[in-house]
Amino acid sequence: MDTYRRWPVAFVEGRGANLTDAEGKSYIDLVGGIAVATVGHCHPKVVAAITEQAQSLIHVSNLYENPLNEALAARLASLTGGMRSFFCNSGAEAIECALKLARKHATGRTRFVATTGGFHGRTFGALSATGQPAKQAPFEPLVPGFVHVVYGDVDALERELTAGEVAAVLLEPVQGEAGVVVPAEGYLAAVRELCTAHGALLIVDEVQTGLGRTGAWFAYLHAAIEPDIICLAKALAGGLPMGACLATPEVAAAFAPGDHATTFGGGPVQSAAALAVLDAIEEEGLIERAVHAGERLRGGLGRIFGVDAVRGLGCLLAVTLDRPVARELASAALAKGVLVNDIGSDVIRLSPPLVIADDEINRALMLLREAWDEVRTA
Ligand SMILES: *Cc1c(COP(=O)(O)O)cnc(C)c1O
């Protein structure tokens with residue numbers, strides 16, 4: 001169906017931060033499959049894990065024990081102070097699980113507070129949480145019970161919480177689709193405090209920001225807060241579809257057998273791939289790499305577009321252009337062999353593989369500068 005405005009290019013091979021198209025031309029990938037290819041394209045460990053697991057067992061359903069799934073849950077627990085996991089197949093599904101879990105846990109409280117500009121996915125629950133009227137309007141009526149407050153506005157959040165009946169507050173620790181909006185210092189801590197004071201759960205959507213992208217295992221760690229529920233997906237299984245909803249044991253206990261389910265979620269192949277991704281992040285120091293590569297990229301972007309035009313955290317960056325030519329810039333960059341993501345008429349987003357090398361960053365910046373010069377003078 002006509003749901004995407006696709007670029008006229010087909011990639012046939014990927015290695016690290018490099019892609020090759022059907023004509024043999026190579027590209028530096030600053031999109032990373034939309035923040036998915038954290039460990040790089042076709043990471044050898046991930047490829048080996050998928051290949052080996054696919055040769056022994058691909059699927060049995062969740063009716064039976066699944067040691068790989070348990071090993072993955074244990075790894076995620078060790079990264080989150082003992083949270084329990086439900087595995088699914090996408091970010092939107094992780095959000096759906098979080099919303100159902102929060103309502104079941106809250107017994108009687110049915111409202112959710114989310115944020116304007118926030119993005120949580122396209123299924124009805126996730127879309128209802130998504131604070132972007134243009135994405136919602138054609139599909140109304142949506143799931144009832146959602147209100148949105150301005151991202152960063154603590155007073156507005158307090159008013160909604162004081163109004164009562166709030167099961168959970170849902171937000172991204174850095175808004176990704178909205179154009180990489182990093183909240184002011186202290187915002188997430190204030191949100192956490194208010195949720196606790198009003199007995200509402202705090203759900204952090206780390207689908208885009210999680211697993212090293214921002215220079216920490218999770219972006220909420222920059223604010224030193226403890227969420228009740230965490231949603232993951234994108235980078236989790238190295239490009240295979242996988243999401244996870246993590247919750248503290250107390251919150252997770254609200255689900256009993258039969259409350260929530262999935263046929264494919266947490267399957268052996270995805271779980272093996274995810275374990276390989278977590279290994280690679282750890283063994284290759286990719287969280288520190290996200291900080292370093294992010295700084296280098298940011299510095300270079302600042303020299304091209306102006307320091308004030310660039311924002312982000314780690315390797316999740318965006319640039320606001322001084323004119324609405326993001327599509328033209330992405331197109332000119334593509335022609336030169338660099339992928340960037342135009343996410344607004346005047347905004348490009350960069351979420352490269354964290355394995356991107358310094359010389360690849362330098363080259364990508366040089367080509368981006370050429371592309372910008374072309375577009376600017378056109
Ligand atoms: C991509 C994204 C989602 C939705 O994930 P899908 O796998 O596309 O359903 C949800 N939340 C955030 C923050 C995202 O970036």
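**Entry 1: sheet 11-12-15-14**

I started with an open sheet of four strands in the order 11-12-15-14, where the pairing is antiparallel. The model is a predicted one, so local features need pLDDT of at least 70 and side-chain atom pairs count only at pLDDT 80 or more, while totals for chains, interfaces and linings use all residues. Residues are numbered from 1 along each chain as its sequence is written, and side-chain values use heavy atoms, leaving out hydrogens and water.

Two strands pair if DSSP finds at least two bridges between them.

Which strands sit at the edges of this sheet? I found strand 11 (310-313) and strand 14 (341-344), each pairing on one side only. On average, neighbouring strands here are turned by 25 degrees against each other, direction ignored. (Axes are lines fitted to C-alpha atoms, for helices over the stretch in contact, and angles run from 0 to 180 degrees between N-to-C directions.)

Next I checked what lies on the sheet. Helix 12 (residues 326-336) packs on it, touching strand 14 and strand 15 (347-350). The direction of helix 12 makes about 175 degrees with that of strand 14. Touching means contact, that is, heavy atoms within 4.5 Å.

Then the pairs. Strand 11 and strand 12 (residues 316-320) run antiparallel and are joined by four bridges; Gly 312 has Leu 317 in strand 12 as its bridge partner. Three bridges link strand 14 and strand 15, also in the antiparallel sense. How many residues does the hairpin from strand 14 to strand 15 pass through? I got two residues.

**Entry 2: sheet 1-2-3-13**

I moved on to another open sheet, whose four strands come in the order 1-2-3-13 with mixed pairing. Its edges are strand 1 (11-15) and strand 13 (338-339), which each pair on one side only. Strand 1 runs antiparallel to strand 2 (residues 18-21), with four bridges between them. Phe 11 has Asp 21 in strand 2 as its bridge partner. Helix 13 (residues 358-377) packs on this sheet and touches strand 2, strand 3 (26-29) and strand 13. Its direction is at about 100 degrees to that of strand 3.

**Entry 3: strand 7**

Why is strand 7 (residues 166-171) called largely enclosed by the rest of the structure? Because six of its six residues are buried. (Buried means under 20% relative accessible area, exposed over 50%, and partly exposed in between, with a 1.4 Å probe and protein chains only.)

Strand 5 (residues 111-115) runs parallel to strand 7, with three bridges joining them. Strand 7 also runs parallel to strand 8, over four bridges. I followed Val 169 across: Val 113 stands opposite it, and in strand 8 its bridge partner is Leu 202.

**Entry 4: Asp 228**

I found Asp 228 in the loop between strand 8 (201-205) and strand 9 (229-232). Buried or exposed? Asp 228 counts as buried, at 13% relative accessibility. Its side chain makes a polar contact of 3.0 Å with that of Arg 192. A polar contact is a pair of N or O atoms within 3.5 Å; within protein, one must be able to donate a hydrogen and the other to accept it, and residues adjacent in sequence count only if both atoms are side-chain atoms. Leaving out residues up to four places away in sequence, Asp 228 touches several others, including Met 83, Leu 202, Thr 248 and Val 251.

**Entry 5: the ligand**

I listed what surrounds the ligand: among them are Ser 90, Gly 91, Ala 92, His 120, Glu 172, Gln 208 and Lys 234. With Gln 208, an N or O atom of the side chain is 2.7 Å from an oxygen of the ligand.

**Entry 6: cysteines**

How many disulfides are there? I got zero, with a disulfide taken as a pair of cysteine sulfur atoms within 2.5 Å. The sulfur of Cys 245 has its closest cysteine sulfur in Cys 97, 3.7 Å away, so the two are too far apart for a bond. Cys 245 is buried at 2% relative accessibility. Cys 315 is in no disulfide either, since the nearest cysteine sulfur, in Cys 42, is 20 Å away. Cys 315 is buried too, at 0% relative accessible area.

Terms used: A residue is near a molecule or strand if one of its heavy atoms lies within 4 Å of it.
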